[in-house]
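Visitor: Please show me the structure, and then let me put some questions about it to you, one after another.

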Amino acid sequence: MKKKKAKKRLLELIEKLQKNFPVSDNVYLCMKRMRKYNGRAIYDGNGKYIIYVNPCLGIEHQLDIIQHEWAHIRVMDEMVHDLHGSTWGKELAKIYTSFCHNFRKVVK
Ligand SMILES: [Zn+2]
């Protein structure tokens with residue numbers, strides 16, 4: 001897949017997530033190679049979430065990572081400390097189910 005088209009799919013996913021699984025602040029996507037991670041979500045403390053994604057991965061993997069990180073942001077928003085725990089897992093399950101239905105079916 002061409003780079004431009006892949007980036008478009010990533011941005012479309014973020015748009016759909018913002019609409020269907022809103023979070024308190026703006027979310028920015030940053031393609032960045034990291035030593036230990038393929039993806040990360042951070043809050044910059046200044047009204048901005050940033051999702052980092054490894055640009056070397058395939059598009060499907062990148063789409064997975066964004067959903068994974070979005071679930072982290074939803075949990076962070078609730079001020080719950082639950083890295084890969086059940087709160088996060090339930091959130092990811094809702095997001096992934098909706099993603100599989102192209103967001104026509106949104107699970108609350
Ligand atoms: Zn994680």
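Visitor: Is His61 buried, exposed or partly exposed?
Guide: This is a predicted model, in which local features need pLDDT of at least 70 and side-chain atom pairs count only at pLDDT 80 or more, while totals for chains, interfaces and linings use all residues. Residues are numbered from 1 along each chain as its sequence is written. A residue is called buried if 20 or more other C-beta atoms lie within 10 Å of its own, exposed if 12 or fewer, and partly exposed in between, with the C-beta atoms placed from the backbone. His61 has 13 other C-beta atoms within 10 Å, and therefore His61 is partly exposed.

Visitor: In which helix does His61 lie?
Guide: Helices here are DSSP runs of H or I with at least four residues, strands are runs of E with at least two, and both are numbered from the N terminus. By that numbering, the helix that holds His61 is H2.

Visitor: How far apart should the ends of H2 be, and what is the span in the model?
Guide: The expected span of a helix is 1.5 Å times one less than its number of residues. For the 19 residues of H2 this rule gives 27 Å, and the end C-alpha atoms agree with it, because they are 27 Å apart.

Visitor: Which residues of H2 are buried, and what covers them?
Guide: The buried residues of H2 include Gln62, Ile65, Ile66, Glu69 and Trp70, and Ala71, His72, Ile73, Arg74 and Val75 are buried as well. Their cover is counted by contacts, where two residues are in contact if their C-beta atoms, placed from the backbone, lie within 7 Å. The elements that cover them include helix H1 (3-20), strand E1 (26-31), strand E2 (39-43), strand E3 (48-53) and H3.

Visitor: How are H1 and H2 oriented to each other?
Guide: Axes are lines fitted to C-alpha atoms, for helices over the stretch in contact, and angles run from 0 to 180 degrees between N-to-C directions. The axes of H1 and H2 come within 10 Å and cross at roughly 25°. Angles under 35 degrees count as roughly parallel, over 145 as roughly antiparallel, 65 to 115 as roughly perpendicular and the rest as oblique. The orientation of H1 to H2 is therefore roughly parallel.

Visitor: What is the handedness of the crossing of H1 and H2?
Guide: A crossing is left-handed if the near helix is turned anticlockwise from the far one by less than a right angle, and right-handed if clockwise. By this convention, the crossing of H1 and H2 is right-handed.

Visitor: Which residues make that contact, and how do they divide by class?
Guide: From H1 come Ala6, Arg9, Leu10, Leu13, Ile14 and Leu17, and from H2 come Ile59, Gln62, Leu63, Ile66 and Trp70. Ala, Val, Leu, Ile, Met, Phe, Trp, Tyr, Cys and Pro count as nonpolar, Asp, Glu, Lys and Arg as charged, and the others, Gly among them, as polar. By class, the contact of H1 with H2 has nine nonpolar, one polar and one charged residues.

Visitor: How do H2 and H3 pack?
Guide: Helix H2 (residues 59-77) and helix H3 (residues 86-100) have axes 9 Å apart, and the angle between them is about 130°. H2 passes H3 in a right-handed crossing. With that angle, the two helices are therefore oblique to each other.

Visitor: Where is His84, and is it buried or exposed?
Guide: His84 is placed in the loop between H2 and H3, and it has a positive phi of about 60° although it is not a glycine. Because His84 has 12 C-beta neighbours inside 10 Å, it counts as exposed.

Visitor: Is Gly39 buried or exposed, and which residues does it contact?
Guide: Gly39 is in strand E2, and it is buried, with 20 other C-beta atoms within 10 Å. Leaving aside its neighbours within four places in sequence, Gly39 is in contact with Ile51, Tyr52, Val53, Asn54, Ile65, His68 and Glu69.

Visitor: How far is Arg104 from His61 in space?
Guide: Arg104 lies in the segment after H3, and with 6 C-beta neighbours inside 10 Å it counts as exposed. His61 and Arg104 are 43 residues apart in sequence, and in space their C-alpha to C-alpha separation is 22 Å.
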